[in-house]
Number of protein chains: 4
Amino acid sequence: MIQRTISNIGRAWKDLTGATRVRLTGSVRPELPEADRKRLARQIDECLLGRGGVVSERARAADLGHTYSGLDVVGRRRFLELLAAEYGVDEKALSDATAAWTALQRSGNGCVGDMLARCQTIQSDMRAVLTPPRVHLLSRFTALPNGVKFLVDMRAELLPLARTDPQLKGLDEDMKRLFASWFDVGFLELRCITWDAPASLLEKLAHYEAVHAIESWSDIKNRLAPDRRCYAFFHPQLPEEPLIYLWVALVKGLSGNVQELLDVSAPTGNPSEADTAIFYSISNAQAGLAGISFGSFLIKRVVEDLMRDFKNLKAFATLSPIPGFTDWLNEQIAEQGEALLRPSELRRFSELSPDPEGLDLLTAIQRQEGLFRKATIQEATRAPLMRMCAQYVTSAKRGQYARDRVAHFHLSNGARIERINWLADTSTNGMRQSLGMMINYLYKSRDIEDNHEAYSADGRIRTSKSVKALLKQGG
Amino acid sequence: MIQRTISNIGRAWKDLTGATRVRLTGSVRPELPEADRKRLARQIDECLLGRGGVVSERARAADLGHTYSGLDVVGRRRFLELLAAEYGVDEKALSDATAAWTALQRSGNGCVGDMLARCQTIQSDMRAVLTPPRVHLLSRFTALPNGVKFLVDMRAELLPLARTDPQLKGLDEDMKRLFASWFDVGFLELRCITWDAPASLLEKLAHYEAVHAIESWSDIKNRLAPDRRCYAFFHPQLPEEPLIYLWVALVKGLSGNVQELLDVSAPTGNPSEADTAIFYSISNAQAGLAGISFGSFLIKRVVEDLMRDFKNLKAFATLSPIPGFTDWLNEQIAEQGEALLRPSELRRFSELSPDPEGLDLLTAIQRQEGLFRKATIQEATRAPLMRMCAQYVTSAKRGQYARDRVAHFHLSNGARIERINWLADTSTNGMRQSLGMMINYLYKSRDIEDNHEAYSADGRIRTSKSVKALLKQGG
Amino acid sequence: MIQRTISNIGRAWKDLTGATRVRLTGSVRPELPEADRKRLARQIDECLLGRGGVVSERARAADLGHTYSGLDVVGRRRFLELLAAEYGVDEKALSDATAAWTALQRSGNGCVGDMLARCQTIQSDMRAVLTPPRVHLLSRFTALPNGVKFLVDMRAELLPLARTDPQLKGLDEDMKRLFASWFDVGFLELRCITWDAPASLLEKLAHYEAVHAIESWSDIKNRLAPDRRCYAFFHPQLPEEPLIYLWVALVKGLSGNVQELLDVSAPTGNPSEADTAIFYSISNAQAGLAGISFGSFLIKRVVEDLMRDFKNLKAFATLSPIPGFTDWLNEQIAEQGEALLRPSELRRFSELSPDPEGLDLLTAIQRQEGLFRKATIQEATRAPLMRMCAQYVTSAKRGQYARDRVAHFHLSNGARIERINWLADTSTNGMRQSLGMMINYLYKSRDIEDNHEAYSADGRIRTSKSVKALLKQGG
Amino acid sequence: MIQRTISNIGRAWKDLTGATRVRLTGSVRPELPEADRKRLARQIDECLLGRGGVVSERARAADLGHTYSGLDVVGRRRFLELLAAEYGVDEKALSDATAAWTALQRSGNGCVGDMLARCQTIQSDMRAVLTPPRVHLLSRFTALPNGVKFLVDMRAELLPLARTDPQLKGLDEDMKRLFASWFDVGFLELRCITWDAPASLLEKLAHYEAVHAIESWSDIKNRLAPDRRCYAFFHPQLPEEPLIYLWVALVKGLSGNVQELLDVSAPTGNPSEADTAIFYSISNAQAGLAGISFGSFLIKRVVEDLMRDFKNLKAFATLSPIPGFTDWLNEQIAEQGEALLRPSELRRFSELSPDPEGLDLLTAIQRQEGLFRKATIQEATRAPLMRMCAQYVTSAKRGQYARDRVAHFHLSNGARIERINWLADTSTNGMRQSLGMMINYLYKSRDIEDNHEAYSADGRIRTSKSVKALLKQGG
């Protein structure tokens, strides 16, 4: 991961250093050996001292960024570890502040009357102690051109390391908190991206697309045709970088097949005649903003925008992958065995797979892509698989919430499970993760709030009649 | 103050409510009587609960803003008091968190090894507790059109009340902390304002001008002539509102008279021939951003910009008022009496003012504007007044720093006191506050850092030879 | 006139010469004496030769423009006379071409078969001859920054001279033809001007306003209030210069008083509740574009724009001055004497003006402004004056068209005379030209074409019932 | 050709009709049979009558455009023939005007004194007659959205037909004259196109590229790398359509190989270190603007722009194809036979081509692509082919000018022939047209004017020493 983003940081850096005369305090070797580590610590200390006012501060921050970008993978890890170990919360100072609070609470009747100001002072002190030096250090970068992008890319490098190192985890939390404040949804700008958008931006969309890979320029042009829309959030500090983006198809009726939606040779529809907006892909573009959530807000802003522009739209729904279905299915096979299937289904399975016995057909179709191309196999597995899929999204849980992460995302947003689609994504990936099925989640304005509440509070999941019917078939 | 900004909030409100369907929970009377206070508290509670996701949150925040803007002066104070009293830090929860910290510290060897994660959790808990509900509540407004402007104007109303009420002071600190994060200098946009700028913007500049009042459209056009510049900082969330702005004159040599600079009938100079940039006024436009400091950064960005555009510029200096001089002088008169003056000066004073005795002349010229128009008076007082002025800015202190607030601002930024100007601002205000004198503070790139350090660390003030010479004259 | 625009040309010139290295061929004296005239002719000849391609051509055109702008009033007239006399149509060449045409026509059967190509060649030759050298010369200026503005200002200087000098008239016709092609209505850009428009642009609107003088910045701000609109046409080559602009008030019902419309202290209406758009002023900004007509197209584009933005608008009408009424009235008094009035009116007049006899009251009120302030005078004259006014606009003709130039403009555009308003413009100018009356011309979409045809073809004028009623009262 | 542009017109049309309510006068069949032709003529007549003012005019023009766009290839040809045959110059009226002129000239002393006004009137009449009705008709389209683009595409369809039909040729001339006025170089806007330009625009550049075909998006991205530039002219009426564009490479030293320039995998240079700007391709994008020349002006504007941005640039040169070389060579072979070669060359040729005799080698390598891949063949043919190429560009003439159209273009612009490059374009097309050779034409600021004059006046061609040396080698 670090390897991949090093070049990004290099790029961001070019502009960043272009803006200010960098005064190197003596270069540091790429792998940051122990000896250089001390030199780096002195450089950071000077940066924090803030001698000479805001302009010098900027120059020193740029200098430090330059140092970081000159390091290799090993050196960068050491740099981050230094920040994590030496520039965190001052525990002694925190203990002093908590002691002062405890003393105050014991002495009197709480934060009233004369004690109020004292209370506020102690709280301020605590807040100051809980904002460690590294937070001040990183904040300096906002005033550098591309400085925020630099930090975002730095966190992208930090994240995989922080998973296993609690100290780096602490640094990551600090960065995340900073970003949560800077990237407040109120500061984001919604843009509708068209075929007239900068080629450099479209190239980024293709690069970051996480759901249905963009193959070519015809492909992306097709996704920006008059009956398609792409919406993205931008932040003033990263004007050329999309943060998250959503692809929409304006169609008649619920779409149940993503290959049809993406078919370059399909005719272009008239968007003003469409009655349904299908959200068929949503991608985060900045790895360094992981955990800062924009998706829910983006979907709702896009619904507002579309309702204003297209008076004929009646329904807003997704066409979503089911990333965890196959894994769950295999667990079920292992646990329940033949109990998963009804007797008639089991019989039919056995007829079709003379060699293996009954249930093994499900395992077999996962292994032999060719098998699923047979109409008889499809026909026989359709009913049981759709039923199990309905069970999966409605019953498989992580805590009280849906185990499937895509399901969890849309249910949290207040959508309901509207329809399970058979043979909806026949790409290799689609077959692998969900045996080709996809789900439409429906966003219905007047139900969103209640759905959201029911799900957030108790994990209750709303479904359509057709999904309920699938569930009823179950043994 | 509230009275004045109520209309602003009304205006901001129009757009704010235009953007979202407001669901009023039942209207509240303008003076917010006790009975309605409870209803309001329920409204706030619901807002905080955040039922129904981000769009409902926005609608509820807009609703609450609507309630606030419908209140009168009394009602608004009560609204703010409710926020201050009921939605601050949960003291019990804070005590629990501090207790956990104390226990942890006692039990072991600090935040290492296995305890690290536990330490981080407690710190996170503390941070959460120290971010009280009202902060979450106010943060909701960022997602509303004009929501940030609404909060800034709300703080403008809060500020005068907070001066005498410690609880409101706590609320004010929370808002200031929020604003400090949102209005980070890195997020500001520098614009050079010309006569081609929107009339509505120029009207605002005239309205907010704090140093030399703008009289008419010819006046403002003159301040935007080719040999003049105006620079302002803007924030993406307040695109049409200047935050702070700086007026610059491009001239030959140090300017020593502000009336000449502002003379509408004076010929326009050729800016590319100028060797000196004079900063003759800097004004904050948003009362609600008091305490968030932009001035130092603005001056330095402007210097960068001017250096890039005008290769002939050699010097960057201010022409600044001395707001505290007369007050200080009168204190000196009261304390030191005739010791303030040299014998020869005292004699000359007595000759000029047969009626009063000696030193009283200084008091007299403050009272009788006409007196100062006499050449003999001017000539006799020039040397002693300029000397005392030099003493004032270099020696009169508040703690270790300059007592004069304008001097303190520029010295903190790393400027030095370059020249004291006689008869430099002969407006009523200029005569009243500094007997017509003004000061040039010089910003010299290579000295800024050292000057700033010397002043910040020890209060040492750097001056030019001419100012030193004035001081040496002193008895 | 020349005097006034010289400074404009000077200004335009600054940029123009900034763009290209001017190679002066030897300077020419300001009054362009005979000796220098020959030098100038050589300069023009070189310019026309076009040696060295397009860049050299530009440099030479800039050079020539520089020469022109350095001349005084006398010199400029001589410059224009030189262009008019020496660089017009080559009469000999024209005679040759016409002879060729005549010969061809006599010889055969017209422009068919083999002769077609020959016909076309002769026509091409004629066109070439009829595009004289000065037209090629002036066309060179389009490639200079501000070059088109330079030519427009040059024609503004030429126009008053051309009125009495047939040769200059010929030059003027050439310029007008060039401008008619460049300023084709299809190339104009419509902009809606608001209080957010550049101050420099609003200053121009105030400067060029021809109907109701703009007194102050409050006045212009009031004309740009939310219930007001200003629309202007711009041309890509003069991006900062309005060509023509129209002021609109969005009101309820037909406005009958312009002072009320312009009252700075009147409350601002809600434009979305307005049912009527009143066009109360239209001004040409470029004197040099006289005779190139934009007004009709502007009004129609504005109607389209308003209909799209304000669904409640039912009527589009003007509130227009009647510039020729008083002159016509005095002619009628001289011609018809007491026959102008009914006996009862005559009686009432005599009672009110004991000194003069009867009809003289009409003359008297034109001379003594004070007289009209008397309610009795107003009441007595109202009926006869409104009747005469109706007669004036409907019956006073120039050829078959309305004699009043404002009436002629709106009737040509397809409007009808809707209402005559008493005491509608009580400014000095309003009283002088029309004894305070103004007219509403109504633009009704579905009648415009027929009205236009009826008027264009036969001079038939459409009026409302109320105007017909006024006419019926007539003796 | 018509076939291809029909779809363009269809596209242009969509917007055009979107803007105005089209009132169809009864639809016309696609192939425009004789019966419908009369109906069409009536529609045109009504359009010309201009009843109902400017808005109705627009509607009727849109209607007519709609009719045209609904026709098939045959119908469109008939439409154009109708315009050409029936709406041209009124010959009778022209004869009348010429007769008036002849009479006037005979009667008197020419256009002086009292006769001046009469002369001007007759000239005006002639101009009016020589501006036939179809010109007025076509001019109506400027006021329609996309109307100008519609006409440009219409002319693209007309041009191939006009080559063989003199009447259509007349219509074409009228259109060309209109376009020459509208697309005056002074009205064009120069834009520098980067990788941040709209994808839709880059797609057009790829589509219209006439010199070195653009293969893919990597290819176009490479041509927009930091050491590359693309400049294009746009017109305000066709804001999204490039008219002509020029590709530039910023390199060190003269480039002699176009495949190297276009190599996607080559490293990107630092443009600020480049000393040479190579113009390696220029393409017209609008077939309908044939004969309206922008190229020379574009090159000169680009040179100005580059000189301003890159202070290190010393030379501006092309790397150009030699489209006519092979054709000319074959003519020479046919005419001169072995005399083309020196005896030693002839010997060497015979050795290499045992089968054919001597000179046939040149013919052989044109037929067998593989032959040229042999180093021995390349080595043997290099000297004689480069010599002949030098002879071709300097001596082969069409009239007094260079026969090669690319050479003619650059020599007309004032460039000189700087260098002939061996194996400079080894693409199939490059081998076919010039056996792989290309030419650098040098634009040297201080020589451009003289070179242009020498070539324009007498066809004299300026060359470098190296080209002269090649010529001297010749027998």
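**Notebook: chain pairs in a predicted complex**

The same surface serves both copies, since 100% of the contact residues of chain A recur in chain B; contact here means heavy atoms within 4.5 Å.

I note for the record that this is a predicted model, in which local features need pLDDT of at least 70 and side-chain atom pairs count only at pLDDT 80 or more, while totals for chains, interfaces and linings use all residues. Residues are numbered from 1 along each chain as its sequence is written, chains are lettered from A and ligands numbered from 1 in the order in which they are written, and side-chain values use heavy atoms, with hydrogens and water left out.

I then looked up the confidence, pLDDT being the predictor's confidence in each residue on a scale from 0 to 100. Chain A averages a pLDDT of 89, and 92% of the residues score at least 70. Over residues 1-7 of chain A the pLDDT is below 50, and this stretch has 15 contacts in the model beyond near neighbours in sequence. Residues 10-25 of chain A also stay under 50, with 34 contacts beyond four places in sequence. For the complex, the predictor gives an ipTM of 0.86 and a pTM of 0.88.

Next I took the contact between chains A and B, to which chain A gives 52 residues and chain B gives 52 residues. The two chains bury about 4,500 Å² between them, 56% of it on carbon and sulfur atoms, where buried area is the accessible area (1.4 Å probe) that two parts lose on being put together, summed over both. In chain A, the residues losing the most area to chain B are A:Arg127, A:Phe187 and A:Glu449, together 14% of what that side buries.

I counted four salt bridges between chain A and chain B, a salt bridge being a side-chain nitrogen of Lys or Arg within 4 Å of a carboxyl oxygen of Asp or Glu. A:Glu449 forms one with B:Arg60, the closest N and O atoms lying 2.9 Å apart. The elements that give two or more residues to the side of chain A touching chain B include α3 (53-69), α6 (115-129) and α20 (445-458) of chain A; helices are DSSP runs (H or I, at least four residues), numbered from the N terminus.

Over all chains the count comes to 116 salt bridges. I looked up A:Lys221 and D:Glu203, which form a salt bridge with the closest N and O atoms 2.5 Å apart. A:Lys221 lies in helix α11 (residues 217-223) of chain A and D:Glu203 in helix α10 (residues 199-208) of chain D, so the pair joins two chains.

Finally I turned to the other pair, where a rotation of 180° with 0.0 Å of shift along its axis superposes chain C on chain D, at an RMSD of 0.1 Å. The two copies are thus related as by a two-fold rotation axis. Of the residues of chain C, C:Thr98 comes closest to the rotation axis, at 2.6 Å (C-alpha).

Methods. Least-squares fit on C-alpha atoms with pLDDT ≥ 70 in both.
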